Amino acid sequence: MTVRAGILGATGAVGQRLIQLLEPHPDFEIAALTASDSSAGKFYREAAKWRVDTPIPDAVADTTVTETDPNAVPDDVDLLFSSLPSSVGAAVEPGFCEAGYVVSSNSSNARMADDVPLIIPEVNADHLDLLEVQRDERGWDGALVKNPNCSTITFVPTLAALAEFDLERVHVATLQAVSGAGYDGVTSMEIIDNAIPHIGGEEEKLETESKKLLGTFDGAELDLHGVDVSASCNRIPTLDGHLENVWVEAGDDLTPESAVEALEAYPSLDLPSSPDPLIHVFEDLERPQPRLDRTLGEGMAISVGALQESTFGLQYNCLAHNTIRGAAGASVLNGELLLENGYL
């Protein structure tokens, strides 16, 4: 049976990407679109400045946008995908959960809350059962699930594949595309012929979210992984695709050869949006590259290359499409996991 879904913050960059991914989805039907008060009451084609590289679906174009309020969303909507700014998400997402809606959210608020599952389905699907704790503690009929930051999603699956080698320390330097800042986030005068060696709050997200994703859940509480992670985040003038340089120190012997074997063997999931393989390993030292490799696995794959030994242990590069795997696609994949596990 098709799940009726809504999108909170449907006119923004991630909201538009959600529409693109959900319109042909085999399990989900777009049944509600919300946005700011200034957009409420308008047809979607009037409310949104469409920027995605496929046309607005006809049915969506003629849908009336509502305000972002539980009373404005039909009762028969089973799942909400949230692409709200974090300040708005913090204010309104709990109200939707209290009203009985299940929310799969890309917003950064509450990602590190003790009772909120932070999920990459191929990495820590078992953490989804934290929703039982959440419902008991908060008295919600609905539920709130988060996907991580777009840069966290890029390198954590590679760490999960290497976890058997007893991870101790990880250093990561990101080269992040301008789309990660939103359409109005970085001006052309700032980024053309330039690189910006700081992205506010980004380093902390990589350093903390990774430990939660790699942690263990015993059915009652979640213990963070003990790996130490340090991050440096940089904005570069690519459109889509976050490229990251990673150095891994492990307690066990970790060679490029053993890493390739572990990365290539790391499993995908039998979910519509999970690519197979999840991790694509390049032998070419000049790959992955954003322009060439960001759309592997329909934008949901993680690419890895240039694996080599260094004074810090293993060194490699990894890449993912930041608005698909790193944002909208991650929320959709979490929705598929919720459906498979009976939460919808």
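## A tour of the predicted model

Among contacts (heavy atoms within 4.5 Å) between residues at least 6 apart in sequence, 75% join residues at least 24 apart. This is a predicted model, in which local features need pLDDT of at least 70, side-chain atom pairs count only at pLDDT 80 or more, and totals for chains, interfaces and linings use all residues. Residues are numbered from 1 along each chain as its sequence is written, and side-chain values use heavy atoms, with hydrogens and water left out.

**Whole chain.** Start with everything shown as a cartoon. There are 12 helices and 14 strands (DSSP runs numbered from the N terminus: helices are H or I with at least four residues, strands are E with at least two). The C-alpha trace spans about 60 × 50 × 35 Å along its principal axes. Of the 344 residues, 55% count as buried (under 20% relative accessible area; exposed is over 50% and partly exposed in between, with a 1.4 Å probe and protein chains only).

**The open sheet.** Next, select β1 to β6. These 6 strands form an open sheet in the order β3-β2-β1-β4-β5-β6, with parallel pairing (two strands pair if DSSP finds at least two bridges between them). β3 (66–67) and β6 (143–146) stand at the edges with a single partner strand each, so one side of each has no neighbour in the sheet. Now pick residues 79–82 and 102–105: these are β4 and β5, paired in the parallel sense over 4 bridges. The bridge partner of L80 in β5 is V103.

Go to L278, in the loop between α10 (256–265) and β12 (279–281). L278 counts as buried, at 1% relative accessibility. Its contacts beyond four places in sequence include E122, P157, Y266, M300 and R325. E122 lies 156 residues away along the chain, yet the two C-alpha atoms are separated by 8.2 Å. P277 is in this loop too, and the peptide bond from D276 to P277 is cis, with omega near 5°.

**Other backbone stops.** Most residues other than glycine have a negative phi, and most peptide bonds are trans. The bond from R287 to P288 is cis, with omega near 5°; P288 is in the loop between β12 and α11 (290–293). A306, in strand β13 (residues 302–310), has a positive phi of about 55° and counts as buried at 6% relative accessibility.
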